[in-house]
Amino acid sequence: MNWHVNILTLFPEMFPGSLGQSLSGKALDRGDWSYSCVNIRDFGEGVHKTVDDTPYGGGAGMVMRADIIESALLSVENPGRKIYLSPRGKPLTQALVQEFSQEPALTLLCGRYEGVDQRVLDAHEFEEVSIGDYVLSGGEPAALILMDACIRLLPGVMGNDETVSEESFSEGAGGMLEYPHYTRPADWQSASGDVLSVPEVLTSGNHAKIEEWRRAQSEKLTAARRPDLLKK
Ligand code: 6GU
């Protein structure tokens, strides 16, 4: 299966960006996933290829025009699920990432300025998705993050499928944060001179005990950092 993402953006040079490296980069080279950018500027008006205008009702900044965005969208052959990256969107969760990674195609609309005219989002039933409670200067980094999270779930992209099912937020981890990891040396002297040892249970060879310890660690971490996850 080839997972395809159409990206509507004023900055196509931002792609594939970090996704051209490491596991996602290799998966791109293999054709496990593909993307195409539509430069919204190409659909702009006049000699200046204008894509935005001042907001009705007044206020700060500029708004991307509905007609321009629609023209860009209509140039996409197979849009699939349409997503507008915005801090006003529903939160991007691992469950939503799983859904998106199973779609054959997505179209990601990356806004700049104050945002895009609401009418084009309504008319074409864009889903609004946010990557967190902070504001970015544009949707492109959010698109890269959404894509990264999806690509690593594509069949064959990650070496070890167990890694995916055991990691933070996953079903295997009980929807909790993941337990801490350790590797050699077993006794490590840090620059401060302190010798820091690996928790003894991990070198015991008792796999039932190890599993129990990891689960307790997960619960402790989740209670301390993300109590909202335990209530679910
Ligand atoms: Cl998805 N887009 C933008 N522009 N800012 C954000 C965001 C998305 N999520 C959080 N902040």
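The paragraphs below turn to the domains, then the ligand, and then some points along the backbone.

This is a predicted model, in which local features need pLDDT of at least 70 and side-chain atom pairs count only at pLDDT 80 or more, while totals for chains, interfaces and linings use all residues. Residues are numbered from 1 along each chain as its sequence is written, and side-chain values use heavy atoms, with hydrogens and water left out.

The protein chain is divided into domain 1 (3–151) and domain 2 (174–231), with bounds that come from an automatic or database domain assignment. Taken over C-alpha atoms, the centres of domain 1 and domain 2 are 38 Å apart.

Around the ligand there are 13 residues, of which S86, V129, I131, G132 and Y134 come nearest; a residue counts as near if one of its heavy atoms lies within 4 Å of the molecule. By class, this shell has 8 nonpolar, 5 polar and no charged residues, where Ala, Val, Leu, Ile, Met, Phe, Trp, Tyr, Cys and Pro count as nonpolar, Asp, Glu, Lys and Arg as charged, and the others, Gly among them, as polar.

A backbone N or O atom of I131 is 3.0 Å from a ligand nitrogen, an N or O atom in the side chain of S130 is 3.3 Å from a ligand nitrogen, and for a backbone N or O atom of G138 the distance to a ligand nitrogen is 3.4 Å. Of the 290 Å² of accessible area that the ligand has on its own, the protein covers 96%, with areas taken from the Shrake-Rupley method with a 1.4 Å probe.

Which elements give two or more residues to the shell around the ligand? They are β5 (81–91) and β7 (127–130), and β5 gives the largest share, 3 residues; strands here are DSSP runs of E with at least two residues, and helices are runs of H or I with at least four.

Most residues other than glycine have a negative phi, and most peptide bonds are trans. A cis peptide bond, with omega about 0°, joins F15 and P16, and P16 is found in the loop between β1 (3–9) and α1 (22–30). The bond from R184 to P185 is also cis, with omega near 5°, and P185 lies in the loop between α6 (161–166) and β8 (187–189). K49, a residue other than glycine, has a positive phi near 55°, and its place is in the loop between β2 (33–39) and β3 (52–53).

Notes: A polar contact is a pair of N or O atoms within 3.5 Å; within protein, one must be able to donate a hydrogen and the other to accept it, and residues adjacent in sequence count only if both atoms are side-chain atoms.
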